[in-house]
Amino acid sequence: MIERAASRFLQNRYPFEVRQKLINTNSGFCHDQWRETADLGWMHLPVSEHFDGHDGDADFVAVLMREFGRHNYQSPYFTSAVVGAKVLEVMAEEPARTDMLHQIAEGPAIVSAAIYEKQSRYDLCNTITSAKESGNRYTLQGSKVGVQYGNIATHLLILARTSGNQLDCEGLSIFLVPIDCEGISFDHHRTHDGGRVSIVHLNKVAAERDSLIGPKNLALPKLQESLNFAIAMLCAEMTGVMDSTFNMVLEFVRTRTQFGSSIGSFQSIQHRLVDMYMRCEMAASMSSEATRAVNDLTGLEQDRLVSAAKAEIGRLAILNAEEAIQLHGAMGMMDEMPVGHYLKRVFALNSLYGDAEHHQARYRKLNQDWQT
Amino acid sequence: MLNSPPFSSELEEFRGTVRTFIRENLPDNIRKMVAVEQMDLPREAQARWHRILRDRGGWCCPSWPSQYGGPQWNDAQQYIFEQELALNDAPRLMIYGVGMLGPTLFKYGSESQKQTILPDILDANTFWCQGFSEPNSGSDLASLKCEAQRVGDEYVINGSKIWTSEAHIADWIFGLFRTGKGARKQQGITFLMIDLSGSGITIDPLLLFEGTHEVNQVYFEDVRVPVANRVGVEDDGWEIGKYLLGLERFGTAEVSRTKASLERLRRIAHSEVPGGSRLIDDASFAEQFDRLEISLHALEMTERRFLLDENTSKSLGAEASMLKVRGTEIQCDVFRLTARAGAHLSQIDLPRDQIDSDLNTPYSLGHTARNYFNYRKTPIYSGSNEIQRNIVAKAALGL
């Protein structure tokens, strides 16, 4: 049901030409459309019933995210309603939690995670940004990269060091800070796939005591649990991208004629399509596995399966997008053709919350922990 | 880096001379464009560098004989010169005029064509582009339809050419046009040179999906071309086209360009980020990097064998195709790995003029991903790698 509704909405309100116009506006964001998606109830999906969501079942969100992937949909949905809401759901305490989750689900609040730093790459332990306690406040100092839709965010979830040294996995805490807090400044940028991303500078930002959410110094295990959910949703979105790119190529090789025949009648082309098709199937299976992991598994088991899925799907999705361009020939390089824009999208999705290589290495490390 | 075997001491001395000249004379603003892997240089930049090389003794046209202003170099000298250009971030030579039309005219052109056309290429007064592909004739090039109808001592051209690189900065186009219908589609094709400023010509830009304007569609409507602008025999232009495509495919291996790109990635990977670890210490990255370095060395030695070994036949049909396939595959792999290097910061899409020119950190903003997208064209252009494999199967394996 969600799939049909989402598909219809995106087909009508987000065709390729509209998308290209929207990503080229100043903010890359359409308030009216955001309002409409809030009214459709999509932003309730990722959090559990207790907070007035449908039931927090990853399956529902995955269906929606796959549809986003199919339509190459760009919006702050993932950063706010998935990552932001999940982190708050898992880590925050009442009553602030319910209030914030409501604001996210209804649309007025857009929360963006500011957890990575230039030197950290995808390693969250490697955090320099500090939060020093003084009186009733914390003073935040440092800078963050990869802050999605920082240009329209209302709040930031900031990962900062409350104790320990730069590479320690302990000593980290999460703060929820409104963006108009004094001392926060931004460099806003466009991303290759038409989204927006910011570098955030924190200069003696005075955060209220209650902006600390979750356990002080011990944020990482819970943060990682929230991010596992988010990563599983990225996996679903990538399978949607794979579906669309595959269908585009299939249609193209059926209709493109060279040497007096459709190029799809050539064996070498058929074999390439078959390989792409098989990659789609493998990715779909691993996406279901990622969803199962966050629904049914915990701890190391969940971590391993989520990383396995992100590593596998990231690789397959990029390979398929490259193949899709190649099989289109020069047409595939054209700005007016959707296919290249899907490559940009999977390049971004692969990189978000750890690229395939990062998750491959994480999987190895988790396997070592698993066996000892 | 794996060092390739040195050439003779005379040739290595030649390399030193060439290298010194390039390093001392390449304008810094041009070097920077090449160093961020920009392939589509503005006309002014191309012409400026071309003339600097011309003034050194015709170095702008390394394959040309001295009677037309070239340096009269042997194969090894040309090879070394192009290596040094690439390794020192100098622009690519002007492929259409210098690399393709020049040699075509030496072989097939009339004396008066040589006299009128070659000097303007040598002086970078005339920029050329190439009109081969058409909307429905890509891989199946011989099916081309753009019509040249003979009317008295003129041809009247109707139709269009597509994916025409640099047409928007070019003065003339050369290409293949349909003059007749033979039993085979390869018959009835004629090689013509056309002034782009003539009436009836429209050039529409076609943007690539990462934003650059490199290719165009060129429309011809009743464009009149003197018969004197024909090269070779009417209806027999396919042979010239094949010769030309062979020339083009050699350049497209871009071995030394990719070596330079890989060196840039090496510097990035070895750079220390305050508080971070070096990328080269990431085992998965290092493995991929090393694999590319080894593959590139294999390609370089193969190219050297094909181009310079006297025992290899000079017809070079399948050889050029093999170099093109492997060259562009490795090139794309290098750009993909480089785009990965910046992690989150690779995602940022900055306009070209805002690119951080400090290229020695993984965190120069975003142009690495843009290059990755842009260079996806290389396995497609100049005869897709699929077509190249067909050629190898036929020419080398007799299949």
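Predicted model: local features only at pLDDT ≥ 70, side-chain atom pairs only at ≥ 80, totals over all residues.
Start in chain A with the helices. Two packed helices are described by the angle between their axes and the distance between the axes. Here the pair is helix α5, residues 77–91, and helix α6, residues 96–106, both of chain A. They pack at an angle of about 170°, and their axes are 10 Å apart. An angle over 145 degrees counts as roughly antiparallel, so α5(A) and α6(A) are roughly antiparallel to each other. On the α5(A) side, the contact is made by A:S80, A:A81, A:G84, A:A85, A:L88 and A:E89. On the α6(A) side, A:R97, A:M100, A:L101 and A:I104 make the contact. By class, that contact has six nonpolar, two polar and two charged residues.

Next, the hairpin, also in chain A. Strand β6, residues 184–190, and strand β7, residues 196–208, run antiparallel and are joined by seven bridges. To place yourself on the pair, find A:D187, which stands opposite A:I199 in β7(A). Five residues lie between the strands of this hairpin, and A:G194 takes a positive phi near 90°.

Last, the two chains together. How many residues of chain B are in contact with chain A? The count is 34 residues of chain B, against 38 residues of chain A. On the chain B side, β6 (201–207), α9 (283–308) and α11 (367–374) each supply at least two residues. The largest share, three residues, comes from α11(B). By class, the chain B residues on that side divide into 17 nonpolar, 10 polar and seven charged.

Notes: Residues numbered from 1 in each chain as written. Chains lettered and ligands numbered in written order. Pairing = 2+ DSSP bridges. Helix = DSSP H or I, 4+ residues; strand = E, 2+ residues; numbered from the N terminus. Contact = placed C-beta atoms within 7 Å. Nonpolar A, V, L, I, M, F, W, Y, C, P; charged D, E, K, R; others polar. Axes fitted to C-alpha atoms, helices over the stretch in contact; angles between N-to-C directions. Parallel < 35°, antiparallel > 145°, perpendicular 65-115°, else oblique.
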